Amino acid sequence: MNDKQQFYEQFYSALEKAMEPSGGRLIEMDFPKNNGSVKGITIKFDNIALAPTVNPDIYYQDWKDGQLMSDIVSGIRSELIKTMPGLSHFNVGSIKRDSAITHLCAAVVGYENNKEWLQSIPHERVADLAVFAKWKFDNANPDLVVASKITEPLLAQLQLTKEEALKIAKANTARSAKFEGMDTVMKNMMIDEGMDRELAEMMFPDQSTPLSVLTNGSGIDGAAVIACPEVLKAVQKELGEDFYILPSSIHEALILPKSFTDDVEDLKQMVSSINEQDVSLEDRLSDTVYEFDGRSLKIAGSELTQENSIAESITHHRGR
């Protein structure tokens, strides 16, 4: 038995004992995730429709570093117990057409690494990416965000075509777009962590870097804004020029004015290196660099445009 197997067996046993007094029953499942699949443990509670899933891999390094399994599982149990009141508010039956305008949002992943699970998810192709819709559930707990991918059966329940659902989802995502200079983002992060504002402003003066951050208001699935032409046109207007898009993760993208450099290969190497070193596989979007010329999003140096990609996707995924 290797270390990973030993960890998993101890983790499952400890979690099962910890959740039993609260009525939690464990179910092992393999779940499709961005860029692959993950072995998960779903915890089902009576009278609660939605069940949270724990990814054991997240805690493996903590265990390797010497943290006690009892402490790891105790922390998980505490978080789950806190989220149970919020989970009880979720109801899949609440997914209705008249609520779509406020609950649909967009998400984006790299197409090639995710095309297997994307077969069951209505989506559009944009360059080498895939854009799909999610339903964000109402929640009494502001710290808990739960969203479900829109599948073909859910589309039928909504009585929407794929194109209609994605149009609503992208419009909602566009309305929540957030565009800030990297210096402002870093400065606010330091202030939130307790740094004196004056010191933070000295460390990160305005316009200290040509990079900006493009995401959405929640910071979750924020890279989907690059699939919204109206957002990209607004960014171009603010910058006063065309720009490159460097995918930081599925949650955000970095924007770089084209006047700063014309070395696309250097940018691609930088994106690839950061992905490899700093971005988890699950959150990784792409090693590709994109550009926006005021009309279409395309792979930098390529003629593959957003319009061509979407037209192709409609051919392969008929709406109702």
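How many bridges join strand β1 to strand β2, and in which sense do the two run? I started there, keeping in mind that this is a predicted model.

I found nine bridges between β1 (residues 25-33) and β2 (residues 36-44). The two strands run antiparallel. Methionine 29 has glycine 40 in β2 as its bridge partner. Next I looked at the turn. Two residues lie between β1 and β2, which form a hairpin. Asparagine 35 sits in that turn and has a positive phi of about 70 degrees.

I followed β2 to its other partner, strand β3 (residues 53-54). This pairing is antiparallel too, with two bridges. I noted valine 54 in β3 as the bridge partner of isoleucine 41.

**Entry: other positive phi values**

Most residues other than glycine have a negative phi. I looked up two further residues with a positive one.

Alanine 127 has a phi near 55 degrees. I located alanine 127 in the loop between β5 (123-126) and β6 (129-136). Is alanine 127 buried or exposed? Its relative accessible area is 2%, so alanine 127 is buried, the cut-off being under 20%.

Glutamine 159 has a phi near 60 degrees. I placed glutamine 159 in the loop between α6 (152-158) and α7 (162-175). Its relative accessible area is 59%, so I logged glutamine 159 as exposed, a term that needs over 50%.

**Entry: serine 286**

I moved on to the loop between α11 (264-278) and β12 (290-292), where serine 286 lies. Serine 286 counts as buried because its relative accessibility is 9%. What does its side chain join in a polar contact? I found the side chain of tyrosine 290, at 3.2 Å. I also listed the contacts of serine 286, leaving aside neighbours within four places in sequence. They are Asp128, Leu129, Pro247, Val271 and Asn275.

**Entry: a surface patch**

Which residues form a nonpolar patch on the surface with Met203? I found Leu199 and Met202. Together the three residues have about 320 Å² of accessible area. I checked methionine 203 on its own. Methionine 203 belongs to helix α9 (residues 197-203). Its relative accessible area is 46%, so methionine 203 is partly exposed.

Definitions and conventions. Residues are numbered from 1 along each chain as its sequence is written. This is a predicted model: local features need pLDDT of at least 70, side-chain atom pairs count only at pLDDT 80 or more; totals for chains, interfaces and linings use all residues. Side-chain values use heavy atoms; hydrogens and water are left out. Patches are made of residues with over 30% relative accessible area and no salt bridge: like charges are joined within 9 Å, nonpolar side chains (Val, Leu, Ile, Met, Phe, Trp, Tyr) within 5 Å. Accessible areas come from the Shrake-Rupley method with a 1.4 Å probe; for residues, only the protein chains shown count as cover. A salt bridge is a side-chain nitrogen of Lys or Arg within 4 Å of a carboxyl oxygen of Asp or Glu. Helices (H or I, at least four residues) and strands (E, at least two) are DSSP runs, numbered from the N terminus. Buried means under 20% relative accessible area, exposed over 50%, partly exposed in between (1.4 Å probe, protein chains only). Two strands pair if DSSP finds at least two bridges between them. A polar contact is a pair of N or O atoms within 3.5 Å; within protein, one must be able to donate a hydrogen and the other to accept it, and residues adjacent in sequence count only if both atoms are side-chain atoms. Contact means heavy atoms within 4.5 Å.
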